[in-house]
Amino acid sequence: MPDGTGEHTPVDRRPALLIVNAEVEGVADVDVRCRDGRVVDVGRGLDAAPGEHVLDACGGALLPGLNDHHIHLFALAAARRSVKCGPPDVTTFAELQAALEAAPGEDWIRGVGYHESVAGLLDSRSLDALRGDRPVRIQHRSGKMWFVNSLAARRLGIDTPNGQLFRLDGLLRKRLAEDEDLGRSVEETSRLLAGYGIAGITDATYTNDSTTEAIYRQLNLCQQVNLMGDESLPSGTVKIMLDDAALPDVDHLQERIAKAHARKRRVAFHCVTRTELVFALTALRAAGTLAGDRIEHAAVTDAATMGLLQEVSGEAGHVTVVTQPNFIAERGDRYLRDVPPEDHASLYRCRGFLEAGLPLGGGTDAPYGDPDPWAAMRAAVERQTPDGQVVGADEKLTPEQALALFLAPLDDPGGAPRRVEIGAAADFCVLTRPWNGARSALAANLVAECVKA
Ligand SMILES: [Zn+2]
């Protein structure tokens, strides 16, 4: 059997492909023929045609390529090449110095997560002393402030007396896009995702605009990309951020929803608190729903809010929830500490949505979550925190239900899972073993290959 590498697997694109000896939906020894992006035959004992590339699945399960229904690809690429500059990784000046000294690469150093408990507020002088030979920019963990050294300020053409920049993210991003090889690092991140078997992503960044779309078009990625964003995009789902502390005017919000729907565009709401969720559902109820409208996260869904969700979604199931069970595995202990006990059962629910008849899809929310979809599936099955506590035992999914969160079509995250069948798009995730052996492990190293025809 082939070895699962878990990362950096190049995607093999073969216009004429025959996959042999695969397990498809529990049936062993199945062959699958693909032509120009589609499955054209599924059966046993198919003979290789001249010029056809043959891939031996060695008995492993052949799954459709996975879809991550909520991710931020550019931010993930940026995070992967960033130096962690704050707690818990870095807590002292000496640790900050060591981290910056060990920064990979040769040119820009990008630091994230800084907190003044490490070494007070930084400025260009202190940064020059720490690392003056390369342009350095460090983001405060609030996301609202950057510190740059003198070389970085010069390279960015920014005149700053002390190297402290407030709310200049947009400007920095634009200048840096020209300055750095953004494309290369995004493509590298795309290959990392392919190693997990990811064939499609929905980029859920609310600031995605026509510029982002233009950048995406130039990139050579392993995934099909579904772009959410603001109204400047010509099509696609409109992503609406909600923030408890500054909720928009409800009439204005209804109008925004109605305008999107009038253009056949769905809306997706960022809802991580109960208040945000209730607010979004109230606005949706007033404006009306369009099949495929989405609630992202639904991080806290109590019984009453579940009822409201059901009501607004209606019998037709117009409102899809896209959940991130991986947050239980990543941050569960913090939730158990910080969230009132009566809400523990309402956190990142899974089975509750299915039982309520709501369409449910899965995403990792990387880089805010780990980009490994297998870890997210495992979390949906086990619901275990890093310390081994269980959060919401009633919310556990079966491995098959967890897999289905990532098998739904990109444009219908709560829809029926994609299947390996005639006419289906020919992108696959080949596992190192049959599903019966894989379902109890749900680990990234089960992925032998991500294949496209
Ligand atoms: Zn997100």
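First, the ground rules. The model is predicted: local features need pLDDT of at least 70, side-chain atom pairs count only at pLDDT 80 or more, and totals for chains, interfaces and linings use all residues. Residues are numbered from 1 along each chain as its sequence is written, and side-chain values use heavy atoms, leaving out hydrogens and water.

Now the whole chain. We have 15 helices and 21 strands; these are DSSP runs, H or I of at least four residues for helices, E of at least two for strands, numbered from the N terminus. Buried residues, meaning under 20% relative accessible area with a 1.4 Å probe and protein chains only, make up 52% of the 453 residues. The C-alpha atoms fill a box of roughly 70 × 50 × 45 Å along the principal axes.

Next, helix packing. Two packed helices are described by the angle between their axes and the distance between the axes. Axes are lines fitted to C-alpha atoms over the stretch in contact, and angles run from 0 to 180 degrees between N-to-C directions.

Take H8, residues 250-262, and H9, residues 274-287. Their axes come within 9 Å and cross at roughly 55°. H8 and H9 are therefore oblique, the class left after under 35 degrees (roughly parallel), over 145 (roughly antiparallel) and 65 to 115 (roughly perpendicular).

Then H1, residues 73-80, and H6, residues 182-195. Here the angle is about 100°, with the axes 9 Å apart. So H1 and H6 are roughly perpendicular. Contact, heavy atoms within 4.5 Å, involves residues including Phe 74 and Arg 80 of H1 and Glu 188 and Leu 192 of H6.

Notes:
Buried means under 20% relative accessible area, exposed over 50%, partly exposed in between (1.4 Å probe, protein chains only).
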